[in-house]
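Open the model in your viewer and keep the selection panel at hand. The stops below go one selection at a time.

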Amino acid sequence: MMNMNRLIVSRTFRIGQRLLGCHARHAGQEELRLQQRRSIKTHCRHLAYAKDLFLGQVNKAEVFPYPEIGNDEVEEIKQLVAPVEKFFSDDVDSAKIDREATIPLETLQGLKDLGLFGIMIPEEYGGLGLSHTIYARLNEIIALDGSIAVTLAAHQAIGLKGILIAGNEAQKKKYLPKLASGEHIAAFCLTEPGSGSDAASIQTRATLSEDGKHYLINGSKIWISNGGMADIMTVFARTEVEVDGVKKDKISAFIVERAFGGIASGKPEDKLGIRGSNTCELSFDNVPVPVENVIGEIGGGFKIAMNILNSGRFSMGSSCAGMIKKLIELTSEYAATRKQFNKSLSEFGMIQEKFAMMALNAFVMESMAYLTAGMMDRPGVPDCSLEAAMVKVFSSEGGWICVSEALQVLGGLGYTKNYPFERFVRDCRILPIFEGTNEILRMYIALTGMQYAGKILTGKIKEMKKGNIGLAIGMVSKKLRTSLGASVDLGLTGKDGVVHPSMEDSAKKLEQNVSLFGSTVESLLYRYGKTIVDEQLVLKRVADVLIHMYAMTAVLSRASRSISIGLRNHDHEVLLANTFCNDAFFKNNYWMVQLQKHSPENNDANIKKIAKQVLENRAYICSHPLERTY
Amino acid sequence: MKGSRCLHQLKSLRLLSHAGRLLPAAAGDNGALFRLHSSSLLGGSQCPQREVLRHFHSSPACTKSQPARFVQEEDKTRDKSLVAHDDLFEQVAKETKTKATFNKVIDVYTKRDIRRRGHVEFIYAALKKMPEFGVEKDLTVYNKLLDVFPKEVFVPQNFIQRMFNHYPRQQECGVQLLEQMESYGIMPNIETKVLLVQIFGEKTHPMRKYQRIMYWFPRFMHANPFPIPKQLPEDPVDLARFSLTRMANDWDAKVTVYQLPCTDITDSGAEVTLPHIVGIQSPSQMEALAKHNPCRPVFVEGPFPLWMRKTCVYYYVLRADPAPPEEKIEEPYDPERCLMYPLQLDLDLDRDLGDDESFDVEDLDEGPVFAMCMTSQGDQATLNQWISGLQQSNPILGQIPTLFRLGAGPRELQGVGDTDSTSGTWFPSHVHKEEADPGEDAEAVVEEEPRRSQGVKQ
């Protein structure tokens with residue numbers, strides 16, 4: 001609690017400062033409207049860094065300087081991390097967990113003793129009451145074993161999150177202490193055989209009993225992490241609710257104890273990776289749930305599910321980074337000692353490239369994860385779901401590439417079970433799939449931003465469509481100016497700059513990208529309007545550009561801080577940041593050029609056609625090259 | 001121009017007489033030809049003569065202007081030469097008409113005379129008889145027939161021969177053979193090519209024909225995205241299964257056999273034949289049917305014909321009228337539908353015209369089709385059986401009034417009295433097989449045939 005208070009104080013102070021600065025800066029300027037909007041935003045703490053990128057603006061106050069934690073928190077981390085690290089290196093046998101597809105009870109007990117089952121549960125309920133930032137830090141270590149990481153994440157990132165964010169005091173008092181100690185394990189039951197992200201097809205139903213004291217839950221849920229061992233479950237079920245006199249089916253969330261009876265768990269799934277984690281089917285047969293176990297209000301389950309899912313994702317960045325850092329250690333030793341042609345592997349360019357790539361990825365993920373965690377730790381109820389989704393997409397895909405490249409360094413050895421790499425590869429494969437597949441998250445990222453930008457730009461676009469000459473000339477001249485090479489200045493560098501001068505070029509690149517992105521979004525809205533929902537290939541590129549711009553921001557912010565306060569090896573960070581920005585700049589430009597083209601030019605039309613023909617036949621339809629007609 | 005044409009004519013005349021010398025059997029005809037040519041040349045009229053040489057490059061106008069008297073003249077001569085070969089086939093045909101006997105006839109002919117006298121006539125006669133013997137789609141038979149031609153005799157030896165129509169009659173016969181193959185969709189193989197090279201040489205008309213066939217046939221071989229197998233299933237149930245699947249064109253559609261055809265003898269001794277009933281329905285059709293307003297009737301309609309190659313089958317559909325506009329309520333957008341991302345944007349912007357790639361299609365709502373079936377007996381009782389079978393998987397059918405709107409359909413084609421028979425031969429009345437086998441192309445060939453032989457005969 002102390003930490004929290006301190007954070008709030010320091011944050012508000014900082015915000016106040018910023019506000020003052022803001023006013024002072026804008027005093028001379030005529031743009032009253034803009035100023036008003038900004039200051040209002042700062043007040044309400046509506047975090048909108050990523051959303052503002054859609055308007056071609058860099059809301060630098062949100063992401064610069066890079067979030068810091070106080071000294072006592074650093075101490076706290078030191079105290080926490082050391083035993084956890086020791087536990088994971090000494091007492092966790094990942095190979096055995098993977099082989100036997102179960103986490104031994106001693107290991108689970110060890111985790112409980114370390115308090116890892118209640119990292120984010122407030123101290124008053126018996127948890128550690130740690131911030132998102134420290135949770136992310138701990139996850140770096142926990143991620144060294146995929147099975148444990150998933151078990152813990154299913155328990156606290158989604159399983160008990162419902163009680164934590166939407167439960168009432170009584171529910172919290174009743175359930176959280178035992179969950180925090182690990183005496184009870186939680187699970188999150190949403191997915192059904194016929195329902196992934198589609199809430200409308202949830203079939204599990206909760207009906208009020210005749211005495212009105214219980215809900216009876218019937219139905220089945222699949223792929224429930226911890227399903228076999230969970231004692232407390234957050235179950236989502238359809239309930240009948242009366243809205244304006246009309247009876248409607250709405251989703252509600254319930255806290256269900258296994259002790260209520262009527263719950264049967266199926267055989268654990270035999271999975272590719274994260275084999276030690278328990279995933280199984282759960283079926284509910286007339287499970288009586290007392291009415292006081294409804295989370296939030298009846299019919300309000302949809303929002304709760306969405307919030308839980310949205311808040312659980314940010315930690316994947318640090319998990320992946322932790323994993324990659326470990327992989328670099330493991331592989332670099334091999335690369336340095338293995339000799340071929342009287343040279344060690346580390347002298348070969350292609351091997352070097354792999355290490356550079358791993359370091360870059362780890363650096364970017366780490367930067368994004370802690371930037372987002374820092375944002376989430378700010379007082380108020382910051383909505384960082386967009387940022388969190390971006391971290392998840394970037395790190396899950398980067399993680400997959402890094403893990404397979406690390407395996408590649410070892411060649412055939414990496415492919416055997418003698419080394420942990422194949423296990424990492426298998427474990428890592430789940431990352432782009434769970435907690436919202438990357439495809440769906442890309443849709444979320446792009447559409448949320450499009451909705452935000454659309455609201456603001458609708459008036460302008462309508463004017464343009466009507467043929468407002470003044471606006472059109474303004475647009476054309478702006479385009480001309482940028483095409484003639486006029487630099488874009490969004491205030492990252494220069495007099496009030498926030499980026500260190502050693503990364504000025506990279507900051508300029510980001511600014512260019514942001515400005516071009518703003519006009520691209522505008523033209524997309526002009527072209528597609530609300531039908532953009534159906535343009536998934538367009539949205540994918542929009543999401544990718546945004547993810548890379550957010551990543552650029554994160555590395556610039558982090559490296560600027562490091563260089564300013566003189567962290568060890570900050571020159572290496574600058575190097576990494578510049579390299580990444582350079583690379584991302586070109587990728588972004590390519591994607592945005594594609595976005596400005598029409599579907600026949602950017603291959604989208606062809607891609608759709610190919611897929612259509614293949615899917616119509618449900619097969620690869622080309623004749624075999626060895627076939628002949630005569 | 002005129003001079004060169006005269007030269008051309010003179011040369012071809014010489015070639016023709018040359019041919020006449022080589023082939024005594026045709027000498028008489030050629031003599032007549034020669035006479036005709038001389039007269040036409042002298043008279044300065046070119047038309048009849050060009051008609052003779054027309055074989056490959058002639059304007060249709062010339063064809064039409066062919067005088068009638070030639071036909072009569074040539075009819076007589078043809079009778080004389082062809083009857084012999086026809087007889088040969090007729091004699092054999094008295095026993096059985098099979099591939100073996102057909103081959104035997106060819107063997108008999110080739111062995112009878114080392115000089116292969118009248119082989120052109122023989123080949124024409126054979127071509128005509130092929131469908132009768134059921135070998136019109138057999139490549140080996142065509143090759144065997146081509147083998148009747150003497151080898152190397154007709155191969156042009158020098159550039160002049162090569163330039164003009166060397167042995168036009170034989171070449172034309174070769175082309176005719178290839179054309180018949182073409183019209184039956186038989187693709188020549190390498191053996192055909194070797195034979196053609198041996199008989200006519202490279203760059204001759206039959207060779208060109210061969211090359212053209214080989215150019216187009218492979219290209220068109222897979223032009224149909226819905227290929228029909230050469231051999232359709234014989235069993236009516238299998239045939240129905242095949243044709244229903246083909247019509248539904250839906251991978252998820254499930255074929256159900258509601259009743260297998262069988263014949264029972266009741267206690268009273270009467271023979272009762274149960275027709276086959278095969279139906280198809282896809283999950284999306286089931287879904288549509290489940291959503292159908294039970295107040296509005298559904299219709300069983302049919303029979304509708306479906307042609308597959310030479311076979312015609314009849315099917316019935318279960319359909320409804322298109323729902324009136326007031327019943328079509330679009331599902332309202334539920335913002336609490338997708339857990340992950342907004343399914344719709346709350347924007348007041350439409351797609352720009354420049355990016356609107358949809359076509360303006362007049363959308364005519366024909367009403368949904370819920371299921372299809374095929375049966376060998378299209379009366380209401382049988383179809384009712386189908387509907388009650390459907391009802392097991394579509395319980396809503398019990399509440400919807402079902403109307404039968406059945407046409408006479410296949411009975412009209414078959415004539416009266418068929419439907420009452422109890423002989424268990426329901427199948428033919430519904431699966432109508434066309435006996436006259438050659439398709440349009442083939443018929444056209446048959447029509448053309450006399451004209452071609454006319455040209456040759458002269």
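A residue is called buried under 20% relative accessible area, exposed over 50%, and partly exposed in between (1.4 Å probe, protein chains only). By that rule B:Lys291 is exposed, because its relative accessibility is 64%.

The model is predicted, so local features need pLDDT of at least 70 and side-chain atom pairs count only at pLDDT 80 or more, while totals for chains, interfaces and linings use all residues. Residues are numbered from 1 along each chain as its sequence is written, chains are lettered from A and ligands numbered from 1 in the order in which they are written, and side-chain values use heavy atoms, with hydrogens and water left out.

Stay on B:Lys291. It is in the loop between helix H14 (283-290) and strand E5 (298-308) of chain B; helices (H or I, at least four residues) and strands (E, at least two) are DSSP runs, numbered from the N terminus.

In strand E5 of chain B, find B:Pro303. A cis peptide bond joins B:Gly302 to B:Pro303, with omega about -5 degrees.

Now show both chains. Where they are in contact (heavy atoms within 4.5 Å), chain B contributes 28 residues and chain A 45 residues. About 3400 Å² is buried between them, 58% of it on carbon and sulfur atoms; buried area is the accessible area (1.4 Å probe) that two parts lose on being put together, summed over both. Select B:Leu339, B:Met340 and B:Leu349, which supply 25% of the area that chain B buries against chain A, more than any other three residues.

Seven salt bridges link the chains, a salt bridge being a side-chain nitrogen of Lys or Arg within 4 Å of a carboxyl oxygen of Asp or Glu. One of them pairs B:Asp348 with A:Lys462 (2.4 Å, N to O).

Move to chain A and select A:Asn286 in strand E7 (residues 279-290). It has a positive phi of about 50 degrees although it is not a glycine. A:Asn286 counts as partly exposed because its relative accessible area is 42%.
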